[in-house]
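This report describes side-chain packing and charge pairing in a protein chain.

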Amino acid sequence: MGFARACSVALVGVDGVVVEVQADLEPGVATFSLVGLPDKTLVESRDRVRAAVVNSGAAWPQKKLTVGLSPASVPKGGAGFDLAVAAAVLGAAEVVDPKVIADLVLIGELGLDGRVRPVRGILPAVLAAAEAGYRQVVVPQQCAAEAMLVPDVSVLGVRSLRQLIAVLTEGEVPEEDPPDPSGRPDPMLAGLVVPGAGIGTGVARDGDGRDFPDLADVAGQHAARRALEVAAAGGHHLFLSGPPGAGKTMMAERIPWIMPPLTRRDSLEVTAVHSVAGILPPGEPLVARPPYCAPHHSATMQSLVGGGASVARPGAVSLAHRGVLFLDEAAEFSTKALDALRQPLEAGHVVIARAAGVVRLPARFLMVLAANPCPCGRHTLHGTGCDCPASVIRRYQARLSGPLLDRVDLRVEVEPVTRSDLLGRGGRGEATAVVAARVREARDRAAARLEGTPWRLNAEVPGHELRTRWPAAPGALAQAERDLERGLLTARGLDRVLRVAWTVADLRSRDRPDALDVAVALELRTGIARGATAHLDAAS
């Protein structure tokens with residue numbers, strides 16, 4: 001009788017659970033049983049592992065073989081357990097020393113010829129192993145760079161089971177076929193990127209600058225540009241309403257570039273989500289820029305918040321974590337899908353319950369809504385007629401519910417572009433680099449003020465803390481309090497006005513908000529012109 005164990009990791013959303021893979025050999029008819037709540041893909045690993053072991057030059061044990069996955073109560077799926085199952089079987093058969101693999105975490109899929117194929121979710125799996133105290137992991141060579149992002153963990157990348165056996169037995173490591181030198185994509189990477197899983201996701205990357213979306217390309221739109229700067233500096237949600245062709249999409253696409261690059265911690269969080277979703281570009285193991293996710297208006301509720309038949313997969317709100325979620329033609333989305341965003345907008349995460357379990361996915365994003373004022377888009381244009389009846393306009397605008405809009409801090413009416421602005425006669429606006437520098441300085445001021453707290457951006461700070469711990473200047477909230485009494489603001493709206501006022505103060509390098517900062521925040525919140533922007537420009 002032989003017994004051996006190795007370890008692997010089961011992913012539940014972006015959280016991992018270390019699984020002990022136990023192999024037991026007993027005299028009897030040669031059978032292979034796999035127990036421990038495996039799914040269909042994992043059950044099929046019996047055939048993959050047997051063929052991989054035989055084709056790697058090792059003898060398959062002709063005994064009764066039982067492989068158990070512990071803890072048995074945790075659902076397990078995917079082909080990432082193949083490498084651990086093969087190592088445990090070889091340990092039980094004494095091909096390798098069972099003591100060598102006892103505390104080894106192995107993650108990877110096996111081909112029938114013994115090659116090790118990469119799998120999704122390497123980064124969160126290795127993070128879970130490190131948190132559980134494991135310090136040695138074996139992963140596919142193509143995923144080694146991603147696994148090495150986790151500190152204090154020794155990573156071994158292998159291209160085949162033969163190489164792993166040679167390393168464990170201290171033999172000569174065989175050479176495997178290198179990647180195709182002709183430049184064609186490596187077929188072994190086919191399973192890493194799932195077509196269509198990105199839901200309109202694009203990750204901004206630092207390159208040679210040729211495709212750099214410059215904010216200076218936006219003609220006119222001074223009020224909207226200011227709102228973009230405030231949104232990026234404080235993490236505030238933004239609603240752009242205006243006619244077609246005014247530049248709403250163009251401005252939204254430039255927000256990730258005026259946001260600072262991701263911190264190390266944020267990069268690991270974003271990379272973990274993208275790795276699980278299968279949209280992490282091969283050869284780029286770490287996401288350094290804020291992601292940008294722009295789903296089509298036909299997207300379902302499950303594609304926005306996440307979902308799946310068994311285990312929930314990340315949706316658009318998680319793919320936009322620490323970045324921008326842009327909903328163009330927001331009024332064309334289903335009301336049910338839009339209202340499902342209310343919980344992640346407040347909590348910064350989404351909790352999805354399925355029969356197979358409950359998954360908690362990160363969802364701290366900056367939401368940008370863009371919509372036309374009416375179905376024809378000409379309702380607010382001067383000098384042109386709108387063919388939409390008043391009842392149609394009301395129904396169209398009511399698709400964005402009041403509770404959803406109450407969670408949006410900034411609301412801007414985007415005016416049509418004038419001829420002088422379009423032809424550049426009014427002068428070009430500021431470039432992305434100039435605005436990004438001010439945004440970074442404002443975020444640094446907020447980070448210094450919030451040091452030692454669980455918050456990093458003004459949009460994350462609870463209103464009670466802002467009113468008591470960081471109060472505004474005396475009398476600064478007088479106008480906001482009157483708007484609250486008149487019903488123009490809700491209690492949540494007043495808190496959000498205070499958050500925006502702090503961001504405006506940070507952009508002005510002020511120690512705390514004054515009446516002008518609050519007036520600007522009220523103007524951006526309610527859309528009612530109060531002359532605050534003109535006074536702010538004069539003060540600047």
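## Aromatic pairs

Trp-60 counts as buried because its relative accessibility is 13%, which falls under the 20% limit. The model is a predicted one, and a search of the whole structure gives 2 aromatic pairs. In one of them, Phe-32 and Trp-60 are tilted, with 5.6 Å from centre to centre and 45 degrees between the planes. Phe-32 belongs to strand β3 (residues 31-35), whereas Trp-60 sits in the loop between α2 (45-55) and β4 (64-70); the pair thus links distant parts of the chain, 28 residues apart. Phe-32 is likewise buried, at 8% relative accessibility.

Tyr-292 and Phe-326 form an aromatic pair that is stacked, the centres being 6.3 Å apart and the planes at 25 degrees. Tyr-292 is located in strand β12 (residues 291-293) and Phe-326 in strand β13 (residues 324-327), so this pair ties together parts that are 34 residues apart in sequence. Both Tyr-292 and Phe-326 are buried.

## Nonpolar cores

In soluble globular proteins, nonpolar side chains tend to be buried together. The largest nonpolar core here holds 53 residues, and the members that touch the most others are Leu-238, Val-368, Val-518 and Leu-524. Beyond its neighbours within four places in sequence, Leu-524 is in contact with Ala-227, Val-230, Asp-409, Leu-410, Arg-411, Val-412 and Val-500. Another core, of 41 residues, lies apart from the largest one; among its members are Val-21, Ala-58, Trp-60 and Leu-164.

## Salt bridges

The count of salt bridges comes to 30. One of them joins the side chains of Arg-456 and Asp-266, at 3.0 Å from N to O. Arg-456 is in the loop between α19 and α20 (463-468) and Asp-266 is in helix α11 (residues 264-277), so the bridge ties together parts that are 190 residues apart in sequence. Asp-266 is buried, with a relative accessible area of 8%, while Arg-456 is partly exposed at 25%.

Arg-467 and Asp-495 meet in a salt bridge of 2.2 Å, N to O. Since Arg-467 lies in helix α20 and Asp-495 in helix α22 (residues 491-507), the pair ties together parts 28 residues apart in sequence. Arg-467 is partly exposed, at 42% relative accessible area, and Asp-495 is buried, at 16%. In the salt bridge between Asp-339 and Arg-342, the closest N and O atoms are 3.8 Å apart. Asp-339 is partly exposed at 24% relative accessibility, and Arg-342 is also partly exposed, at 28%.

Arg-443 is part of helix α19 (residues 432-449). The side chain of Arg-443 reaches the backbone oxygen of Ala-232 at 2.7 Å. Not counting residues up to four places away in sequence, Arg-443 touches Ala-232, Ala-233, Met-259, Pro-260 and Leu-457.

Key. Residues numbered from 1 in each chain as written. Predicted model: local features only at pLDDT ≥ 70, side-chain atom pairs only at ≥ 80, totals over all residues. Heavy atoms only, no water. Helix = DSSP H or I, 4+ residues; strand = E, 2+ residues; numbered from the N terminus. Polar contact = N/O pair within 3.5 Å; in protein donor to acceptor, adjacent residues only side chain to side chain. Contact = heavy atoms within 4.5 Å. Phe/Tyr/Trp six-rings, centres within 6.5 Å; stacked < 30°, edge-to-face > 60°. Buried < 20%, exposed > 50% of the residue type's maximum accessible area, 1.4 Å probe, protein only. Core = buried A, V, L, I, M, F, W, Y, C linked by side-chain atoms within 4.5 Å. Salt bridge = Lys/Arg side-chain N within 4 Å of Asp/Glu carboxyl O.
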